[in-house]
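Colleague: I am new to this structure and would like to know what stands behind the terms used for it. Please take me through them one at a time.

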Amino acid sequence: MQTSLTAVIEQANAYTGDFTTEPYEAAWALEARWFVKLLEISDRISIRLTPEISPDGLNWCEEGTTALLFTEPGLKSLGLTNFGGWLRLRVTFVGNEPGGKFLIYLALKG
């Protein structure tokens with residue numbers, strides 16, 4: 001029987017600048033899937049969400065998967081395998097007067 005867990009990482013939080021999500025320890029999982037629902041976005045900007053991995057939760061690098069890109073509200077998903085011990089997303093705003101409101105979930109299965 002497989003084990004699964006879904007963690008709420010961002011709960012309708014609004015941001016006006018770049019940030020990273022809280023790190024999540026997931027060494028037990030074989031698969032991970034990010035679900036990102038962008039509820040609001042400022043005019044004429046884009047938002048890039050890049051998955052990052054870490055062996056210890058302190059030192060980070062890009063995971064290497066294509067980032068999620070938003071230019072309008074909606075729901076997108078990104079699956080990961082072979083990611084090591086820790087996961088997070090780096091969120092980058094491109095454009096003037098950035099802003100966005102997010103729901104972010106991390107679903108793990110092992």
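Modeller: Bear in mind that this is a predicted model.

Colleague: Why is Phe-35 called partly exposed?

Modeller: Phe-35 has a relative accessible area of 30%. Buried requires under 20% and exposed requires over 50%, so Phe-35 counts as partly exposed. Leaving aside residues up to four places away in sequence, Phe-35 touches Lys-76, Ser-77, Leu-103, Ile-104, Tyr-105 and Ala-107.

Colleague: What makes Ser-54 buried?

Modeller: The relative accessible area of Ser-54 is 4%. The limit for buried is under 20%, so Ser-54 is buried. Ser-54 belongs to strand E5, residues 46-54.

Colleague: What does the side chain of Ser-54 reach?

Modeller: The side chain of Ser-54 reaches the backbone nitrogen of Gly-57, at 2.7 Å. A polar contact needs N or O atoms within 3.5 Å, and the value here is 2.7 Å. Beyond four places in sequence, Ser-54 also touches Asn-59, Trp-60, Gly-85 and Trp-86.

Colleague: How do you know that E4 and E10 pair?

Modeller: Pairing needs at least two bridges between the strands. Ten bridges join E4 to strand E10 (residues 100-109), and the two run antiparallel. For example, the bridge partner of Ile-41 in E10 is Gly-100.

Colleague: Which strands make up the open sheet, and in what order?

Modeller: Four strands form it, in the order E1-E10-E4-E8, with antiparallel pairing.

Colleague: What makes E1 and E8 edge strands?

Modeller: Strand E1 (4-15) and strand E8 (74-81) each pair on one side only. From one strand to the next, the twist averages 15°.

Colleague: Which residues have the most contacts inside the largest nonpolar core?

Modeller: They are Trp-34, Ile-47, Leu-49, Leu-87 and Phe-102, in a core of 27 residues. At least two residues of this core come from each of E1, E4, E5, strand E7 (68-70), E8, strand E9 (86-94) and E10. E4 gives the most, with five residues. As for Leu-87, the residues it touches beyond four places in sequence include Trp-34, Trp-60, Leu-80, Leu-106 and Leu-108.

Colleague: Why is the pair of Lys-109 and Glu-31 called a salt bridge?

Modeller: The cut-off from side-chain nitrogen to carboxyl oxygen is within 4 Å. The side chains of Lys-109 and Glu-31 meet at 3.7 Å, N to O, so the pair qualifies as a salt bridge. Lys-109 in strand E10 and Glu-31 in strand E4 are 78 residues apart, so the pair links distant parts of the chain. Lys-109 is partly exposed at 33%, and Glu-31 is partly exposed at 36%.

Colleague: How many salt bridges does the whole structure have?

Modeller: The search finds three. Another joins Arg-88 and Glu-52 at 2.7 Å, N to O. Arg-88 lies in strand E9 and Glu-52 in strand E5, so this pair ties together parts that are 36 residues apart in sequence. Glu-52 also forms a salt bridge with Arg-90, with the closest N and O atoms 2.8 Å apart.

Colleague: What makes Glu-52, Arg-88 and Arg-90 one network?

Modeller: Their salt bridges share partners: Glu-52 pairs with Arg-88 and with Arg-90.

Colleague: Are these residues buried or exposed?

Modeller: With buried set at under 20%, Arg-88 is buried at 12%, and Glu-52 is buried at 7%. Arg-90, at 33%, counts as partly exposed.

Notes:
Residues numbered from 1 in each chain as written. Predicted model: local features only at pLDDT ≥ 70, side-chain atom pairs only at ≥ 80, totals over all residues. Heavy atoms only, no water. Buried < 20%, exposed > 50% of the residue type's maximum accessible area, 1.4 Å probe, protein only. Contact = heavy atoms within 4.5 Å. Polar contact = N/O pair within 3.5 Å; in protein donor to acceptor, adjacent residues only side chain to side chain. Axes fitted to C-alpha atoms, helices over the stretch in contact; angles between N-to-C directions. Core = buried A, V, L, I, M, F, W, Y, C linked by side-chain atoms within 4.5 Å.
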